[in-house]
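The points are numbered for reply.

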Amino acid sequence: MEFGIYVPGQPINPAGQALIRMLRDYAPGASYADMMRLRLSGKVADQCADTYFAAYEDGICYSRLWNGWGVHQDAVGNFGNFMTLEQCRGQGIGKKMLKLWYDNLQTREDKPLALFCSANDRVVQMYYDYGFRPAAPGGHLYLPVGNSPESFEAFCEAYYTPSDFLIAKPATVQYRHEIDCLLRFALINAGEDFQKIEETLLYAPGTTQMLFTENGHCVGWQTDETVRVHPQYQNAKIIRQ
């Protein structure tokens, strides 16, 4: 079995071919699967630094893993979509995949501030072994990268700095993880409801705006009817750009 890496936007290699075959008909209509296919296609490679990891043989993908973040300063990333076919579990493939991912992350010059994921009981201990720690109830995890704070609470204090106004810009995939990971975990801890922006980005593009502080941090999003922001910015004036 081969273990390889594919970066969307680059020439398709055997790892990429195996991943494309695996995901072609996977979970049709599910937004997370459609987002994987979009990002794997390279259509948003100018916005997102995505890396896919695959264990494959004879063109068949037996295990996959991914991480990605926006191409911008102070990016936060998502980690996951980790799946090994049931008939291949218990053979050490998952551990090799995680080592491949971790070694790649250490060599990156474009590291994000942190990685976020949601884990089930089957994999959570493996993630803990690589430095992930709880961020919010329900298996939501945080991995500080570089000099980022050790705790999720301290990370939020550093990221959500005061701002008297917020700048509204058209929503893009580039800042999705600032909303669907960082903000979602923060709002879970605050006891507030949350709606992910993923489906809107995929199926209703152009209908939402993302909200940014003066220093360029993405702290919320809005439609014509609703505004969802980190609690610190509830009273901030919104300026459309």
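1. Which strand gives the most to the lining of the largest pocket? β4 does, with six residues; strands (E, at least two residues) and helices (H or I, at least four residues) are DSSP runs, numbered from the N terminus. The model is predicted, with local features needing pLDDT of at least 70 and side-chain atom pairs counting only at pLDDT 80 or more, whereas totals for chains, interfaces and linings use all residues. Residues are numbered from 1 along each chain as its sequence is written, and side-chain values use heavy atoms, leaving out hydrogens and water.

2. A pocket here is an open set of points on a 1 Å grid over the protein atoms alone, where a 1.4 Å probe fits, with protein on both sides within 12 Å along at least five of seven lines; lining residues have an atom within 4 Å of a point. The largest pocket is lined by 30 residues, and among those nearest its centre are Tyr-32, Asn-78 and Ser-118. Other elements that supply at least two lining residues include α2 (31–40) and α6 (176–189).

3. The sheet is open, with seven strands in the order β1-β2-β3-β4-β5-β7-β6 and mixed pairing; two strands pair if DSSP finds at least two bridges between them. β1 (2–6) and β6 (133–136) are at the edges with a single partner strand each, so one side of each has no neighbour in the sheet.

4. β2 (residues 48–57) and β3 run antiparallel, joined by ten bridges. Asp-50 has Gly-68 in β3 as its bridge partner.

5. The second largest pocket is lined by 14 residues.
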